[in-house]
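Here is a short walk through one model. Have the sequence and the 3D view open as you read.

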Amino acid sequence: LIHGLTAYTIADIVMGLMFGKLKKQSGSIIAPLLAHIGANALNALLYTFPELLLYRGFSIVYSIVLIYGAGILLYKLFKSVWDRTKQ
């Protein structure tokens, strides 16, 4: 709700729930942090290039799935590297 009540409030709530699920699955704040960075990067990209929204293959659902997957993958990569450095 810190983002305010806008047309994107539902999307913000869905993203917040997604970040919470990532936290619960990974047991770490790193995965949702990386997913949030990905969401911000996607928003910056779309703000810079709004014509991307006109492509048929692009949708909000696809974006959410992409960000969620990227958060999990980046977390696993980060964890793998972190575990190797501890050994």
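What share of the contacts in the protein chain with a separation of 6 or more comes from residues 24 or more positions apart? The figure is 58%. Keep in mind that this is a predicted model.

## The overall picture

The protein chain has 3 helices and 0 strands, so reading from the N terminus on you simply get α-α-α. There are 87 residues in the protein chain, and buried ones make up 22% of them.

## How H1 and H2 pack

Start with H1, residues 9-26, and H2, residues 30-48. Their axes come within 8 Å and cross at roughly 150 degrees. Because that angle is over 145 degrees, H1 counts as roughly antiparallel to H2.

Who meets whom here? On the H1 side you'll find Met15, Phe19, Leu22, Lys23 and Ser26, and these meet Ala31, Pro32, Ala35, His36 and Ala39 in H2. Sorted by type, the residues of this contact come out as 7 nonpolar, 2 polar and 1 charged.

Leucine 22 is worth a click. Setting aside its neighbours within four places in sequence, leucine 22 is in contact with Gly27, Ala31, Pro32, Ala35, Tyr68 and Ile72.

## The nonpolar core

The largest nonpolar core holds 12 residues: Met15, Met18, Phe19, Leu22, Ala31, Ala35, Ala39, Leu42, Leu46, Ile67, Tyr68 and Tyr75. Two or more residues of this core come from each of H1, H2 and helix H3, which spans 60-86. H2 gives the largest share, with 5 residues.

## Serine 28 in the loop

Now look at the loop between H1 and H2, where serine 28 sits. Is serine 28 buried or exposed? Its relative accessible area is 16%, and because that is under 20%, serine 28 counts as buried.

What does serine 28 touch, if you don't count residues up to four places away in sequence? The partners are Lys23 and Tyr75. Tyr75 also turns up in the list for the largest nonpolar core, while Lys23 is among the H1 residues that meet H2. There is a polar detail too: a polar atom of the serine 28 side chain lies 3.0 Å from the backbone nitrogen of isoleucine 30.

## Alanine 70 on H3

Over on helix H3 you'll find alanine 70. With a relative accessible area of 32%, alanine 70 is partly exposed, because the value falls between 20% and 50%.

Note on methods. Residues numbered from 1 in each chain as written. Predicted model: local features only at pLDDT ≥ 70, side-chain atom pairs only at ≥ 80, totals over all residues. Heavy atoms only, no water. Helix = DSSP H or I, 4+ residues; strand = E, 2+ residues; numbered from the N terminus. Buried < 20%, exposed > 50% of the residue type's maximum accessible area, 1.4 Å probe, protein only. Polar contact = N/O pair within 3.5 Å; in protein donor to acceptor, adjacent residues only side chain to side chain. Contact = heavy atoms within 4.5 Å. Core = buried A, V, L, I, M, F, W, Y, C linked by side-chain atoms within 4.5 Å. Axes fitted to C-alpha atoms, helices over the stretch in contact; angles between N-to-C directions. Parallel < 35°, antiparallel > 145°, perpendicular 65-115°, else oblique. Nonpolar A, V, L, I, M, F, W, Y, C, P; charged D, E, K, R; others polar.
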